[in-house]
Amino acid sequence: MIADEIKELMHAEPFQPVRIVLGNEQTFVVAHTDYLMVSPDRQTVVLYDGEGHFKILNTQQIRLVEPVNRPSSKSG
């Protein structure tokens, strides 16, 4: 279930930003766990942007959830 995948990525250590892709190819990147909420019934996901605007998604709209790989910082 998509909601379970989202919750698993939200609790990953260390957290990586999460990409959410909808069936219409619209894409959202969630940079922090504070900007993502899954409803208790796991049917709705709320995404916030850095300005406090939000988008409510039905989990059935979501086609793909994946971590966004951060570029590795090399010291040397």
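Reader: By class, how many nonpolar, polar and charged residues does the lining of the largest pocket have?
Author: This is a predicted model, in which local features need pLDDT of at least 70 and side-chain atom pairs count only at pLDDT 80 or more, while totals for chains, interfaces and linings use all residues. Residues are numbered from 1 along each chain as its sequence is written, and side-chain values use heavy atoms, leaving out hydrogens and water. With Tyr counted as nonpolar and Gly as polar, the lining of the largest pocket has 8 nonpolar, 2 polar and 2 charged residues.

Reader: Which element gives the largest share of the lining of the largest pocket?
Author: A pocket is an open set of points on a 1 Å grid over the protein atoms alone, where a 1.4 Å probe fits and protein lies on both sides within 12 Å along at least five of seven lines, and its lining residues have an atom within 4 Å of a point. Here the lining includes Phe28, Val29 and Val30, as well as Leu47, Tyr48, Phe54 and Lys55, and the elements that give two or more residues to it are β2 (27–30), β4 and β5 (54–58). The largest share, 3 residues, comes from β2.

Reader: What volume does the largest pocket have?
Author: Among the residues that line the largest pocket are also Ala31, Tyr35, Asp49, Gly50 and His53. The volume of this pocket is about 150 Å³.

Reader: What pattern does the chain follow along the sequence?
Author: Helices (H or I, at least four residues) and strands (E, at least two) are DSSP runs, and the chain comes to 1 helix and 6 strands. Its C-alpha atoms fill a box of roughly 45 × 25 × 25 Å along the principal axes. Read along the sequence, the pattern is α-β-β-β-β-β-β.

Reader: Which strands do the buried residues of α1 pack against?
Author: Buried means under 20% relative accessible area, exposed over 50%, and partly exposed in between; in helix α1 (residues 2–10) the buried residues are Ile2, Ala3, Ile6, Leu9 and Met10. Seen down the helix axis, they fall within an arc of 125°, so they line one face of α1. They pack against β1 (18–22), β3 (36–38), β4 (44–48) and β6 (62–67).

Reader: What share of the contacts in the chain with a separation of 6 or more comes from residues 24 or more positions apart?
Author: Of the 76 residues in the chain, 32% are buried. Counting heavy atoms within 4.5 Å as a contact, the share from residues 24 or more positions apart is 48%.

Reader: Is Thr59 buried or exposed?
Author: Thr59 is found in the loop between β5 and β6, where it touches Ile2, Ala3, Arg42, Gln43, Thr44 and Val45, leaving aside residues up to four places away in sequence. Thr59 and Val45 are 14 residues apart in sequence, and their C-alpha atoms are 6.5 Å apart in space. Because its relative accessibility is 8%, Thr59 counts as buried.

Reader: At what distance does the side chain of Thr59 reach the backbone oxygen of Arg42?
Author: A polar contact is a pair of N or O atoms within 3.5 Å, one able to donate a hydrogen and the other to accept it. In the loop between β3 and β4, which holds Ser39, a polar atom of the Ser39 side chain lies 3.4 Å from the backbone nitrogen of Gln43. Arg42 lies in the loop between β3 and β4, and the side chain of Thr59 reaches the backbone oxygen of Arg42 at 3.4 Å.

Reader: What is the phi of Arg42, a residue other than glycine?
Author: Most residues other than glycine have a negative phi. Glu25, in the loop between β1 and β2, has a positive phi of about 75°, and this residue is exposed, with a relative accessible area of 51%. Arg42 is partly exposed, with a relative accessible area of 28%, and its phi is positive, near 60°.

Reader: Which residues does the cis peptide bond with omega of about -5° join?
Author: Most peptide bonds are trans. Pro14 has its place in the loop between α1 and β1. The cis peptide bond, with omega of about -5°, joins Glu13 and Pro14.

Terms used: Buried means under 20% relative accessible area, exposed over 50%, partly exposed in between (1.4 Å probe, protein chains only). The arc is that of the directions from the helix axis to the C-beta atoms. Grid points are joined across faces, edges and corners, and a volume is the space filled by probe spheres set on the points.
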